[in-house]
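Please look through the structure shown here and read the notes that follow alongside it.

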Amino acid sequence: MDTRLGNLLEQAGLACNSTEAPAAENAPGAEEGSHGLTAYTPFISVRACGRLWRLQRAADLETLWNAMLDDPQNFEDERLPYWTELWPSSIALCRWLEERRAEIAGRPCLDLGCGLGLTAMVGQWLGAQVIGMDYEEEALHFASLNARHNGVSSPLWTVMDWRQPAVRPRSIFRLWGGDIMYEKRFVAPVMHFLSHVLADDGAAWVAEPGRGVYEAFLQALHGGGLEGRRVFTERVEPLYAQPVPVTVAVWEIRRRVRPA
């Protein structure tokens, strides 16, 4: 396994096993939650908000990563296939969205880096008007498939790069993202994006598993006129079997209120 990929997975609480995938109809987790998997399966299932969600995905992260190694240009912009896995932060974020159900129902919300679409679908199912964005078109293809698999009214899926926000300024009431920052160079564009899209009374909920880069983000918030506080913490069993659960924190980020 590529050392960099292995370090990333270890930090996030995922093991990566590259074995041949079973046929979809025999994929474990089709009826119950898929925590504790020991190998990639094309369908995974997870319980959130009192129901089972079944997610189809392209391949395991290591396989997609290795397929990119043939062309070094694939790594120039860090367009790495993180979207093909279900990260522990997404599970914690689903539980937080359920707690805030009354707050998001009927309101415009944005899923920043929606990947396989779980948190976008959960938000839509809870009554929000969700835009699910990702900069990888293939991710949105699977997110759309998953909305159909789960009988959910589909969010509005859109290809968007957070460095080039195609959203009206101050138009989003609630925004969320699970484990969206892996390097310090992501801090400035994410902060700029939040400053651009959040409504005056808006809030962003960012779930993260204790990465060091997030400390840099918290320190940079004030420079963007924002402030953050931890609102939720949960220990999550990751998708793949491992001895220790992952502790995920959800941070709420709002515009800083200036003294009168």
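In which loop does R100 lie? The model is a predicted one, and in it R100 sits in the loop between helix 3 and helix 4 (101-104). Its relative accessibility is 29%, so R100 counts as partly exposed. The side chain of R100 makes a polar contact of 2.6 Å with that of E103. Computed along the sequence G123 is 23 residues from R100, while their C-alpha atoms are 9.8 Å apart in space.

Two arginines lie over aromatic rings. R101 lies over the face of W125, 5.8 Å from the ring centre. The charged end of R54 sits over the ring of F43, at 4.0 Å from its centre.

The whole structure holds six aromatic pairs. In one of them, W96 and F232, the ring centres are 5.7 Å apart and the planes stand at 40 degrees, so the pair is tilted. This pair links distant parts of the chain, with W96 in helix 3 and F232 in strand 8 (residues 226-236), 136 residues apart. W96 is buried because its relative accessible area is 5%, under the 20% cut-off; F232, at 14%, is buried as well. Ring pairs join W96, W205 and F232 into a cluster.

Strand 6 gives the largest share of the lining, three residues. Helix 3 (88-99) is among the elements that each supply at least two.

Definitions and conventions: Residues numbered from 1 in each chain as written. Predicted model: local features only at pLDDT ≥ 70, side-chain atom pairs only at ≥ 80, totals over all residues. Heavy atoms only, no water. Helix = DSSP H or I, 4+ residues; strand = E, 2+ residues; numbered from the N terminus. Buried < 20%, exposed > 50% of the residue type's maximum accessible area, 1.4 Å probe, protein only. Polar contact = N/O pair within 3.5 Å; in protein donor to acceptor, adjacent residues only side chain to side chain. Phe/Tyr/Trp six-rings, centres within 6.5 Å; stacked < 30°, edge-to-face > 60°. Lys NZ or Arg CZ within 6 Å of the ring centre and 35° of its normal.
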